Amino acid sequence: MTQPGPDTATVTLAHGNGGRLMRQLIDAVFVRQLGNPWLSPLADAAVLPPFPDGDHELVFTSDGVTVQPLFFAGGDIGSLAVHGTVNDLAVCGATPRYLSLNAFLEEGLPLEELERIVASLAEAARACDVQVVAGDTKVLPRGLCGGLYFGVSGIGTRPAGLALGTRGIRAGDAVLVSGPLGDHGIAVMLAREEFGLSGDLASDSASVLPLTRTLLTMPGLRFMRDPTRGGLATVLHEVIQATGLGVTLEEPRLPIRGSVRSVCDMLGYDPLYLACEGRVVAIVAEDEADEALRRWQALPQGRGARRVGALDPHHDRLLLVNEWGGERLLQELEDDPLPRIC
Amino acid sequence: MALPTPGEWLDRIRALPRPASGRLRIMNVCGGHERTITHAGLRKVLPDYLELIPGPGCPVCVCPEEDIHAAVALSLADDVIVATFGDMVRVPCNAPRREPRSLQAARALGGRVVPVASPGEVLTLARQHPGKRVVFFAAGFETTTAPIAALFSRTDLPDNLLLLLSARQTWPAIAHLLADGAPGFDALIAPGHVATIMGAEQWRFVAEAHGLPTAVAGFTPGLILAGLHAVLQQALDRTPRLDNAYPQCVTAAGNRRAQALMGSLFEVTDAEWRGIGTLPDSGYGCTATLAERDARRHFPEVFEAAYARRGEMPPGCDCAEVVLGRIRPPQCRLYGSACRPESPVGPCMVSEEGACRIWWSHGVRPSQEAPAGRNAATPVDAAPGETDPGETAPVEKAPGQEARRWVLAGVVQGVGFRPFVQRLASRLDLAGQVRNSGGKVVIEAQGRADRLDAFERALLAEAPRLARPRLARRETIPATLSPPDAAPPFVIQPSDGEPGGAIHLPLDTPVCPACLAEVHDPQDRHHGYPFTHCDQCGPRYSVIERLPYDRTRTSLKAFPLCPECRREYDDPHSRRFHAQSIGCPQCGPRLTFVEGFVEGNRTLTDPEEALAAAIAALADGRIVAVKGVGGYHLMADAGNPAALATLRERKHRPHKPFAVMLPWQGEDGLDAVRRHARLEPAAAEALLADERPVVLLPLRADHGLEAGLAPGLDEVGVLLPYAPLHHLLLEALARPLVATSANVAGEPIIADRAMAEQRLGRVPDAFLHHDRPILHPVDDGVRRPIAGRARPLRPGRGSTPLELELPWRLPRALLAVGAQQKSTVCLAWDSRLVLSPHIGELSALRTQQAFARQIETLTRLYGVRPELVLHDAHRGYHSTRWARDSGLACREVAHHHAHAAALCGEHGRFREPTLVFTWDGTGLGPDGTLWGGEALLGRPGRWRRHASFAPFALPGGEAAIREPWRLAATLGWQSGLEGPVAEGTDEELALLRAAWERRLNAPACSAVGRLFDAAAALLVPMPRVSHEAQAAMWLETLAEGDGQPLELPHRRDPAGVLRCDWRPLIRHLHDARLAPSRRAADFHATLVRVLRRQAGAARDTSGVETLGLTGGVFQNRRLTEAAVAALEEDGFTVLLHERLPCNDAAISVGQVMECLARRSRHEEE
């Protein structure tokens, strides 16, 4: 295994001084793993080729990636950085092309960890067929950034004229999710609290590109979103706010793993509010919902896809109906949820 | 030129002829005039056709009660001296018996009251007492107001001089009398002193706008006689004008400097006149210039309380009538008996300028009629021959006849009150009419005076059972009917107009014995009819669309009366006379039976067949949804275990007890109840009350009921039939029926057919519908006998909307939106508070919709638009979100402050310190942590946390509440117990332990309700509770024997709060050597010991003697009864709720009480 150039095994403030150590670190860790014709000149900016056809438009996004701990079952901050940005582009209907990467490193971060993280990041980028074409590295004093965080920007292209968004949503449209909910949130939480038990619990961190791509050709596709922070409930609250329509979810249809549910029950969390990093929520015209579901379920990543509810013109809330018709309202996420039972 | 002497004026008057009208009634508007007239004996020497009437001439006499209340309260404040003109010191007000009723009485109790003779003395007083605030309580007409203005215009006033201004203008009182159309006088001598300030011109309107002779007069006998001569001359000339008979002092425009001075400091306002009401532009208030000295702004709390007294008069006091010249002093019933100068009841007997005082000091005694005897002061019965029906003649009276008008407020509509009045009037041979007006009833009756007296007494004493009348106003009106016509029928007039805010909603009432007898009578046309009602029974609130309460404004408007019902409706001798909810098989609501709604169904629309089919279905063990008064019940044979099991399964309700409706049997209807349950008198009374609530009764050992009714409990909720339909069902089946509110778990009661069929779906096997729409769904109320009373647990049908009277008037209408569970809302305005029925838990969309509808219903029916919304401190409560989204001004009330204020408010304790234990399941405290074991010391609006429990974590937040074993485990760990403290798999326990150690999603709380949960889970396996309070109910049931209390250590936390350390108790509960029943008893006994300990500590430091127990924990009968006994043994007075539940249903009430009490101390937002 190639040792990184620097003569110390942890990141030091000197790695951020712009001098030799920094140069070595970038070459040894970043360029070595991410290098490509646009990044390798290490210019101040990347010069990108034009897209030859006029049928595409550019899609641009930016994301900050922080997670504690840096490694968890099913992923790490490196793969998460790629997936987060790629997924933001993908749910807009875009094919991700290029990323930029700002790494903020904490003094004292073991270089071995950095190495693993960047390797994971590079692996994820390869899998998604995106290139990291620009970057920057900063070192922060000990205690300021929990080891490491990333700023990632991404550029993608999508067919011109694609109409995706809340504006097209109609009463009666179906709500689909591409797989089990809450996996990522619980996996990270368990890792963070060092409960020492994980069982089959792993983050769902993954690119959703195959999922989004397969639906793009459907005229009835209205809206897609990856339910990250705040989970499914928060995405649907945004839809409710934007459309003025309610959403009624059917509890028995919600895909939630038994292990996730039981941990949530134990700790008093609601999986509908937990983050996913490899799922898509799609809203599809009612008469195309079955077809969309079929397309998803045909993909390995979409086997757990379910149709979970519908846009409901009869109210303007997020309503969960249980198996015997009892109804529960899902509120917008509280800053500091406190028991309301007296 | 020398002025004429009195003798010369008298000669000039005598030389004038008698006016064509036969007499001239001349009012004076000045106590000085009246004193001169009386003491100089002018009535005796004047021609008998001149009647001299004392009018509103005494500022002390019209000073409103509220200002006197305020002055009394101020005089008792530590740093205040009240200075006032001498007469004011003795004017009584109608304070409660234990409180001082005058400034004089306040002085006897240590109040600082200094009588003064002039404003200048007040200044001296203020300078002499720089450490005190000197409040100048200044009552006066314009004459006195001017020197008050002069004083307060000075620039050298000490800061401690404040003004309580109770100044009035005289002319608006005369304008008020004239506006009435029958002023009771034909000419006016206007007050000379007032006119020196304000000018004679002020009085021109009397002559020019009203055509009455008017003269401004001075104060000596000669000057008064000059004024009388002037008005007599005008009357004879038939040229009413304004004469200035006091030109020595009075000019047309008056003293402009004084007017300017007054105008710079004071502004003309509407003002209250004692016993008369608010007269427009009749008083003065301080302008902004004087704001800093305005006592009303300095002591808002005091005035807030005092304004609540507005309009109160000592019973029987007729001062207002005397002041208005409507009666003469001896005609007051109290004159010379209860009311004498040494022990005055009203101000007219106190003030040197009061007519009663003047007449009394002149020697007029009750036996006499007037100071002069000859010039009778009673309203003159002029001989018919002498009467000229000309323009100035009074409205003629029929000889021997009188007419009066009464306005009755309170609960008088929808309770058969107008028919009652009509029957009463017929009995007493009175003519007249009665009508609903706004929320009140107005009665006018004419007849013999003694009959009218008897009528008035009976109006209150014999009122219908459901009525709660209150006499708001009584007045004499012209008797317009001549004797031959004096016995026309007494008629019920249609309601007039829309209601104001004074309306009272009538409540749903169970079928009365008379109607029930008709239902049972095969000969009666109501035989077997399930909607038989009369003016004493039937649905009210649940069917009212708007007010006033008439059939056309209820959901019965869809059922036009058949000729026979119409005949009864129109017959004043019928029980159904103007009864709005009546009907019969021909014209009234009808039953429909629907079976197998889900898979192809059978519908029976013949009412008799429908009823028979429902009875057969129930007898067959099937579940029937039966529409009743406030909504549907799910009914089933309570003796059929399979039916119970099916119902529990379909309703997803594994544990929560079902109420059971028992047949009405035996003489008092309670025989069936006695067979199953132990019945104490308070419970029996509650079962039979109009509310017909569910009452939780201890089961007899041989109760013979199915265990599935209330699994694990030794108590059952029982109710008696209240609608005729229930009687018919239970008589036919002759067995107990489950009668549980039909809803989807967590949702409100269902009240309409479409919703029932859609939402209940397969839960019932069949439906028994009827077609009388339920406009306002309302659940059965629930009560539990605790400490000698059946105390409410849920406000429901027949008791809500529940009304409480506030101790003082609110400046603006409030809406209080309560908590989250057991939601209720409260509307409060004026001095009224109305509590909604139970709404439910606000988690479900439909409950939230019901919540919004309930607010709409109350505000619409009462016509009140709230300006301020009160809500809980918890931002996650739906009620709080609703409030903050309402667009109205909001104010937050901490949960336990509201609990404590609700209890104190219910008992009217707003001033005295009380120690209130607010023990419940958790609510957000003002410090942002979860409370629930708090002892709050203070009074509404001002609470201090005296004691609490050591805080503990709720691992998983609400999950800890649903699964008590988690709490048992974590409290056990916190108490040093190891090993398997509670259920749970190893993995669950490991996860819980990890989460607990990291305080992950584990808010801290101090709630006793949660200690109950943990205790129950330590004693009995309890993985998951299906309804709140389940654990506490099981624990209470489990306990046997008195129990041995543990002495739990207490210590003060850094904030000075005494904290109970519960850990020894948890360890004790875990001690498996003792039987669970014993440990459960020990748990209760230990909590009682904690109460005693914390109460004792509060008494030691603060001297508090009165305690309150509130919060849902005190629904526990064992705990509450033991606590009351122990605390009373310790010498405390213990307050419990009587009309409100102790649980969160009372939070909305407490929010109002808390805001009411603290409003004045907080700035407006």
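Which strand of chain B is the place of Asp281(B)? Asp281(B) sits in strand 11 (residues 277-286) of chain B.

## The model

This is a predicted model: local features need pLDDT of at least 70, side-chain atom pairs count only at pLDDT 80 or more, and totals for chains, interfaces and linings use all residues. Residues are numbered from 1 along each chain as its sequence is written, while chains are lettered from A and ligands numbered from 1 in the order in which they are written.

## Chain A

Chain A holds eight helices and 13 strands. Both are DSSP runs, numbered from the N terminus: helices are H or I with at least four residues, strands are E with at least two. Of its 342 residues, 47% are buried. Buried means that 20 or more other C-beta atoms lie within 10 Å of a residue's own; exposed means 12 or fewer, and partly exposed lies in between, with C-beta atoms placed from the backbone.

The peptide bond from Gln68(A) to Pro69(A) is cis, with omega near -5 degrees. Pro69(A) belongs to the loop between strand 1 (56-65) and strand 2 (71-72) of chain A.

## Nonpolar cores

A nonpolar core is a set of buried Ala, Val, Leu, Ile, Met, Phe, Trp, Tyr and Cys residues joined through C-beta atoms within 7 Å. The largest one has 462 residues, and Ile26(B), Ala614(B), Val660(B) and Leu1035(B) touch the most other members. Helix 37 (residues 1076-1102) of chain B supplies its largest share, ten residues. Chain A takes part too: at least three residues come from each of domain 1 (13-159) and domain 2 (166-329). Those bounds come from an automatic or database domain assignment.

A second, separate core has 25 residues, including Val434(B) and Phe490(B).

## Where the chains meet

Here 45 residues of chain B are in contact with 25 residues of chain A. Contact means C-beta atoms, placed from the backbone, within 7 Å. On the chain B side, helix 33 gives the most, with seven residues. That side divides into 19 nonpolar, 16 polar and ten charged residues. Ala, Val, Leu, Ile, Met, Phe, Trp, Tyr, Cys and Pro count as nonpolar, Asp, Glu, Lys and Arg as charged, and the others, Gly among them, as polar.

Helix 28 (845-862) of chain B also gives two or more residues to this side. Among its buried residues are Phe851(B), Leu858(B) and Tyr862(B). Their cover includes strand 12 (318-321) and strand 13 (327-329) of chain A. Just after helix 28, Gly863(B) takes a positive phi of about 65 degrees.

## The listed active site

An unreviewed UniProt entry lists Arg418(B) and Asn436(B) under "active site". They span 19 residues in sequence, yet no two of their C-alpha atoms are more than 7.9 Å apart, so they gather at one spot. UniProt positions follow the numbering used here, feature names are shortened, and annotations may be inferred rather than shown by experiment.

Arg418(B) lies in helix 18 (residues 417-427) of chain B. It is buried, with 24 C-beta neighbours inside 10 Å. Asn436(B) lies in strand 13 (residues 431-437) of chain B. Asn436(B) is buried as well, with 25 other C-beta atoms within 10 Å.

Asp281(B) is not a glycine, yet has a positive phi of about 50 degrees. Asp281(B) counts as partly exposed because it has 13 C-beta neighbours inside 10 Å. Asn1001(B), also a residue other than glycine, has a positive phi near 45 degrees. With 20 C-beta neighbours inside 10 Å, Asn1001(B) counts as buried.

Technical notes. Two residues are in contact if their C-beta atoms, placed from the backbone, lie within 7 Å.
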